[in-house]
Each structure stands twice: as structure tokens, then as C-alpha cells.
Amino acid sequence: MSAALTDFLPWVRSHLPGCPQKLLLDGIREACIEWAKRTRILQTDLDYDVTSGNRIVSLVPSSVTPGDPMEFCVVWEVLKVVDADDRVLDPTNQYDSDALDYDTQTGSPRAYYLSGRNNLILAPIPDANGTITVKMVIRPSDDAATVDDILFDDWRDPIAAGARAWIRRNYGNWLNPSLLAFDSDFFEKSIDRYNTRRAQGGVSLPLRTRMHSF
């Protein structure tokens, strides 16, 4: 399900008298994008074919059907890649991959990295056809007219505040320093509250520090 950007207008327009609707919608879109990027609230698992000899997997399908999670979204971050044998691939980067000669070796992929926005690079080069499941964070596209309805149903107030702050910050006709500070603070603190809730698993799990080896 999705919500139209115009659904947010009553929470934004009344605070910015005289602001053109196109500018209001631009601010709403920018706030939705920022919210999705910083909270990782929009996640999906998608299956992709792997072709022998081709290490590049495009994460954006050539066509989408209505209701597809990628219909109005783009990839923001890859969280996990699992092959057909339920083996979890290791995240890496191009420098480390090339240093291990994964750019020339063939075999069963053991690692991956994201190149640009949409290309998942497998390492080493696959030597057989197969499938992978990619867990990713997505965000609304730069020209989206609709967004996932959770953004409107659960978070329209802080997103509307973020939209108002974006317009006030970028367009002097509606600049009001005190209102800009109020809206920005509400938006930022709401993101912090959501991320804390996510870290607690939504069940008030106590937060703790985890040590990492180097």
C-alpha cells in the first residue's frame, strides 16, 4: 500500500501560507527520503538470478508491477546477501576484493559490495548459475509521487515538520529561524526515538555495548 505525497499537505501547507504546492511536495518528498535513509524503516528481501561468468547483479528490475516494493523506491543500503545454500556472503569493498584477485578469480561467491546505487558485485566471479536473496534498505525515489503508507500512517507529524524545515531552510520567503529550529528539532528527535526503539527490538530491550574485534 502507498500514500500520496499530497496526503501530507494539510500538515505542511497551513504552516507555510502562500507556498506553491510543487514546493510543498518537494519538501515532503525530501523529508520522506531523509527519514527512510536515516531510520532504515523501509526494508525488503528480494531474490535475484546469478549467471555464471557475470559478477554484476542489478538490484533494480527492468520492470516492476504495481505493489512491488521497488515501484517508487531505489536501493539505499544492502544489509545481507544469502545464496541458495543459505550461506551468508561477507560484505567487502572493491579495494579488498581486487587485492584478493576476486575480480579475476572464478568460484562460488563468498563476498559482495555495492557499486554505484544499484549494482551488486559478487566476489569471486560466479562459476555457476544460481540465486541469491538480498536484504536491503530502500528509500523513495527522487521523483516519487507516493511513498510507503507507514510513513504517512505512523510518522506523518515528524515528516511534515521535516518538510517545513527543508522549505524554511532553502527558501528565504518562508524563513523563520524560531520555527525552523522547532521543526528541525522535532524531526531530529523523532528519528532518534525511532532508532532507539528499533535498537530495543520494539520491546524495550535494554541497550548494551557490544565489543568488536579488530
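I started with Arg168, which counts as buried at 5% relative accessibility (buried means under 20% relative accessible area, exposed over 50%, partly exposed in between, with a 1.4 Å probe and protein chains only). Asp183 is buried too, at 3%.

Ground rules: this is a predicted model, where local features need pLDDT of at least 70 and side-chain atom pairs count only at pLDDT 80 or more, while totals for chains, interfaces and linings use all residues. Residues are numbered from 1 along each chain as its sequence is written, and side-chain values use heavy atoms, with hydrogens and water left out.

Next, I looked up what links Arg168 and Asp183: they form a salt bridge, with the closest N and O atoms 3.6 Å apart (a side-chain nitrogen of Lys or Arg within 4 Å of a carboxyl oxygen of Asp or Glu). Arg168 lies in helix H4 (residues 149–170) and Asp183 in helix H5 (residues 177–199), so the pair ties together parts 15 residues apart in sequence. Helices (H or I, at least four residues) and strands (E, at least two) are DSSP runs, numbered from the N terminus.

I then checked Glu77 and Arg40, whose side chains meet in a salt bridge at 2.7 Å, N to O. Glu77 sits in strand E4 and Arg40 in the loop between H2 and E2, so this pair joins parts 37 residues apart in sequence. Glu77 is partly exposed at 24%, and so is Arg40 at 31%.

Last, the sheet: three strands make an open one in the order E2-E10-E4, with antiparallel pairing (two strands pair if DSSP finds at least two bridges between them). Nine bridges join E4 to E10, and Val81 stands opposite Val134 in E10.
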